[in-house]
Amino acid sequence: MFNMSRRGVLVSAAAAAFGLEKPLALIPSARAAPAVEPEVGFYRYKVGSVEVTAVYDGIWRKPHDPTFIEGVTVDETKAALASAGLTTAFMPIPLTVLVLKIGDKHLMIDSGSGVGQWQVNATHLPANMKAAGIDRGQISTILISHFHPDHVWGLMEKGTNAAVFPEAELVVNSVEYRFWTEPGRVETLPEGRRQAGRRIAEVFPTWKNWRLVESGTEVAPGIRILEAFGHTPGHSVFLVTSGRDQLLVSNDTMYVPALLAPHPEWQGSYDQDGPMAATTRRNIIDRVIADKMMICGAHFPFPGLGTFATDGNAYAFTPVEI
Ligand SMILES: [Zn+2]
């Protein structure tokens, strides 16, 4: 018997299509995968009195690549995706941006990837912001987790590099800002990061609306920036507290949870310091579990929100149901 969950219904339909009354066993890839992209591109929820809108930017349909996770084969990454009920046709790396309404102020967390500046399927942020009733001009503050392109290219116009948010305050950990803008830094970066590093070093220091902060600072009412170094030298997370509710905005700490929840020790090519990123990951997720917090992540399946539990020496991720 199948229960009436979405997956159950689809599995049942697939079994009927193959003339089976009921399948005796399902190989992981035969499971019904959820839709790769959401039908509605924004999702709104409350953390105490803070209104959070998760806005879908798009997805990187990354071709499988044996160098993606150090020492892990493509078959192993595919198995992890299948276990989470995701497609194995490619590595799905969706991107969601948050807009927080606190009182009458609108804050954004990261800027999105900039239409046509990161991946061909990441073009939806402007339309989804509009659908959510958010005007770009309302954003007074942008809290930035780190300077990777998918998180900051939305700050710049394509081609001209003109500031998209010249009036907004741009808040970032001083460690992150200094790393990327230090004279001579570009030449020390791995080849694959130099072009992005050069763009950051040339453009960001010309803007006057930066506010560099230290870890632990309350960067907005009820929002504290916490260090989560490793993914980048100054990668940070944001703890949102309102009344009894807490939300940990984890950005890229847990990257794609289908991979890293069951394998928190995996180190990806996206982590600039793999061992440090793995240690940070455990520290952050252990705290989220101990304090029974909701957590969101930039590359979690849309709307990027869920909870973690311990599972042996690893973790299990439960996405919020929408
Ligand atoms: Zn990212």
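1. The second largest cavity holds about 60 Å³ of space, where a cavity is a set of points, on a 1 Å grid over the protein atoms alone, at which a 1.4 Å probe fits but cannot get out, and a volume is the space filled by probe spheres set on the points. Its lining, meaning residues with an atom within 4 Å of a point, includes Lys 62, Pro 63, His 64, Asp 65 and Met 91.

2. This is a predicted model, in which local features need pLDDT of at least 70 and side-chain atom pairs count only at pLDDT 80 or more, while totals for chains, interfaces and linings use all residues. Residues are numbered from 1 along each chain as its sequence is written, and side-chain values use heavy atoms, with hydrogens and water left out.

3. The largest cavity contains about 110 Å³ of space, and among its 16 lining residues Thr 96, Val 97, Leu 98, Asn 251 and Ala 298 lie nearest its centre. Strand β3 (91-102) gives the most to this lining, with four residues; strands here are DSSP runs (E, at least two residues), numbered from the N terminus.

4. Strand β10 (residues 236-242) is largely enclosed by the rest of the structure, because six of its seven residues are buried, that is, under 20% relative accessible area with a 1.4 Å probe and protein chains only.

5. Strand β10 runs antiparallel to β9 (residues 223-227), joined by five bridges, and pairs in the antiparallel sense with β11 (residues 245-249), also over five bridges, pairing requiring at least two DSSP bridges. Phe 238 in β10 stands opposite Ile 225 and has Val 249 as its bridge partner in β11.

How values were computed: Buried means under 20% relative accessible area, exposed over 50%, partly exposed in between (1.4 Å probe, protein chains only). On a 1 Å grid over the protein atoms alone, a cavity is a set of points where a 1.4 Å probe fits but cannot get out, and a pocket is an open set with protein on both sides within 12 Å along at least five of seven lines; lining residues have an atom within 4 Å of a point.
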